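This briefing covers a helix pair, a chain contact and a sheet. Please read it alongside the sequence and the coordinates.

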Amino acid sequence: MRISSRISNILKLLFVLLFIVGMHALSLYFISPHNVLDYNKCVGPAQKNLIIGTSRASQAIQPQVLNKNLDKNFFNFAFNGSLSKYGDVYNQAIMKKLDPESKDGIFIVTVDPWSVSTKKGEESLYPLAHDQQNYLNQLSSFTGEVNLAFLYHNYNYGWMHLIWDYYKKGSLSITHEDGWLEIIRDTAQSRIDERKARKLAAKQSEIEQYEFSEYRWSSLKMLIAQLTQKGKVYLVRLPISKEFYQLEQNHFDQFERRIKSLTVEMNVPYWDMVNLQDSVKYNDGHHINRYFAPYISRHISDWIVNQ
Amino acid sequence: MEYYSISFAGLLLISLICFWSLDGTYRKWRIWILLFSSFLFLWGNTTAMLFVSISGILNVTLLRWVLKEKSRERWAILGVVANALLLLLYKVGGASWSHWAGDWILPLGLSFYTFQHIASWVRVRQEDWEEIPGTLNYLVYTVYFPKMLSGPVEKWEGFDGQLRKVNELKFDDAKFIQGLRYILWGAFAKWTVAPLAHAFYLMLWTDNPTLSGILLGGVFNFIYIYADFSGYSNFVLGISWLFGIELIQNFKFPLFTNQVREFWQRWHISFTQWILDYLFTPLTFHLRSFGKKGIALAIVLSFLVVGLWHGLESNYIAFGLIQGLYFLPILLKWNWSERLAQAKKKSLALDRFMILPFFLLMSTTALIFSSASWNDFVLHVEHVQLSSFNVNGVFSGFSNLIFLCLIVGFLWIEWWNRNSLFGLDIAKRKFAVRWMLYIALLLALMTWGEFKNVGTLYAHF
């Protein structure tokens, strides 16, 4: 029987559509910790014990070290300064990641002046456009086997790029299944100094555009209150190198006073880890080197045990 | 609404199903589907939707009223001035405007939208309207969603003629498939070739004040601009073909020309035609008494406006001015230009060879276009070490080699099909060739296509 031209065209079109869908489906098998930044933070089971904060926490706190010392299963749900400053969007994402049944969890909430600040003038334009456009705001779920919405909203390339990246060697960032972000950088002192100088210059100019945010502060308080119902909250300010610490202290001179009054008000323990700032090495003065993440994590777990 | 989004795919699919499934007398609703889809395209951007509605209804109502009046000239001038003023305010207001209003205007290429209204009012003055435009058709003409973002700038007659026959349109497989070819080729150029070429340009031009920075950086920048805009144009042409409506072919292989007049006849054709009809021709009329010098002045002034259209920044002005000056040797028949033209006529090899130096000339000029300002360009060039040809290892490594192959492949296919409508106009090629290309392009698009954080360069203008 002769197939009419119309049917033949429909079959060809169907073939193309199936080919596209099939290649996309195949690509999902090639997602690895190496090829999609932060993807592993947005999949997996709901969690009972979380590490919360920005890129400092994402890179510095290693769940597997905490797991050993505290006999719990931790998950690093910290992202970066662009995505996970305290606010409605991040708070809602945390609640979606959290196991609704969780009751005796441990929550390590890292704080620093950046995580409770906004660009000058931005706060009056609530809801913050920056937060609204953030992909955390576009995801309905942070659990499950795959997160298609994450790839759709956040992956810049065609999905077959996952296969390309899978076979291409030399990824410099690995988001582990427990959420810890391992950043691979040249550890030669000269390169560290170069990166530190660049980062410091960038931060020095950036900080002038930022101010303390009442909105982010009240969001942090709301988050602590919500998490307290699910377990115990520990506030931590992670170490950074002296120059960065001084820069933050000078610009956000009320931060320490505020955080101390918050710990009293909300009855949560707080540790400013500034005393360890010379004991660790950094990638750029601002983020702790991956080899020192276990060291920092061990200190945090020891501190929690002693509380 | 972004073209690369589920919402756009959904809108397109539903519009197409509704459009083609209407039968008999119900086909009269097709035009409403086009209008409704165009407004849905602006979904979530209330201000843009309001702006388009108010300005569209105001323009068509006044236009229809004025065309019934005897004394039209004053109204025509008012119409041109009012629309041009709006555009000028936006261009002058620039950043402060967008700070005040947010980025509401971004989904709408304001210039492209306004040019259509301005053309209508100029034609009132020229008494060029044969009949009063229908309100519905005129509204669809101005807001039709495939061309809303960055054109092409359609002419009323051609578009209205198609809208009038929209009820009679029958689904044509060949046309639909050609539309899909347009879409595939446009998508490949815009989302694969353009970002890759842009990356090479940045690596070669930024912080690399060497001869290679100017020559090769310029080449990749030129390819980037072309792939981005022609890709967009082909993509939206394809969308429109799916509805059976043909838009102006905006690019006809301009990279393979060897002289400036032909280049502008093939580059951004709808806009060049608009400038020719509504600026250059009236200017020539006024300056004709000065002979060739008058025409030369009209060309330079027209290109100055082309430059200004991109923005009021000095680099755009310089770009427009230089393009205008490139016409002088041909127009004023300078000796060397005449001799070269004769030689090219005699020798096909020379004609072909001259594409290369002309390409380099245009790509170097495009560097001015892409600089932040004229001063920025001059400052960069001042530091160039002409004796150095350092490519910073840009072309080493397996990945970069693949990327380079994709760009060269794109240019090669364009050259291969340079006598067709567009690069992938391959309906008459062998089945195996067609399908090999389709699959290769789809694979390249799905693997190296960059879809996020990639705006359309010309959407800013």
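At what angle do the axes of helix α8 and helix α20 of chain B cross? In this predicted model, the axes of α8(B) (residues 173-205) and α20(B) (residues 431-448) come within 10 Å and cross at roughly 45°. α8(B) is therefore oblique to α20(B).

**Helix pair in chain B**

- The crossing in which α8(B) passes α20(B) is left-handed.
- On the α8(B) side, the residues in contact are L184(B), A187(B), F188(B), W191(B), T192(B) and L196(B).
- They meet Y438(B), L441(B), A444(B), L445(B) and W448(B) of α20(B).
- By class, the residues of this contact are 10 nonpolar, one polar and no charged.

**Contact between chains A and B**

- Chain B and chain A contribute 14 residues each to their contact.
- Both α8 and α20 of chain B supply at least two residues of the side of chain B that touches chain A.
- The most is given by α20(B), with six residues.
- The side of chain B that touches chain A holds seven nonpolar, four polar and three charged residues.

**Sheet in chain A**

- Five strands of chain A form an open sheet in the order β2-β1-β3-β8-β9, with parallel pairing.
- β2(A) and β9(A) (270-272) stand at the edges with a single partner strand each, so one side of each has no neighbour in the sheet.
- Direction ignored, neighbouring strands of the sheet are turned by 15° against each other on average.
- Helix α3(A) (residues 63-70) packs on the sheet and touches β1, β2 and β3 of chain A; the direction of α3(A) makes about 160° with that of β2(A).
- Helix α9(A) (residues 214-228) also packs on the sheet, touching β3 and β8 (231-237) of chain A; the direction of α9(A) makes about 145° with that of β8(A).

- Three bridges pair β1(A) with β2(A) (residues 74-76) in the parallel sense, and the bridge partner of N49(A) in β2(A) is F74(A).
- β1(A) is also joined to β3(A) (residues 105-110) by three bridges, and these two strands run parallel.
- In β3(A), I108(A) stands opposite I51(A), and V109(A) stands opposite I52(A).

Key:
Residues are numbered from 1 along each chain as its sequence is written. Chains are lettered from A and ligands numbered from 1 in the order in which they are written. This is a predicted model: local features need pLDDT of at least 70, side-chain atom pairs count only at pLDDT 80 or more; totals for chains, interfaces and linings use all residues. Axes are lines fitted to C-alpha atoms, for helices over the stretch in contact, and angles run from 0 to 180 degrees between N-to-C directions. Helices (H or I, at least four residues) and strands (E, at least two) are DSSP runs, numbered from the N terminus. Angles under 35 degrees count as roughly parallel, over 145 as roughly antiparallel, 65 to 115 as roughly perpendicular and the rest as oblique. A crossing is left-handed if the near helix is turned anticlockwise from the far one by less than a right angle, and right-handed if clockwise. Two residues are in contact if their C-beta atoms, placed from the backbone, lie within 7 Å. Ala, Val, Leu, Ile, Met, Phe, Trp, Tyr, Cys and Pro count as nonpolar, Asp, Glu, Lys and Arg as charged, and the others, Gly among them, as polar. Two strands pair if DSSP finds at least two bridges between them.
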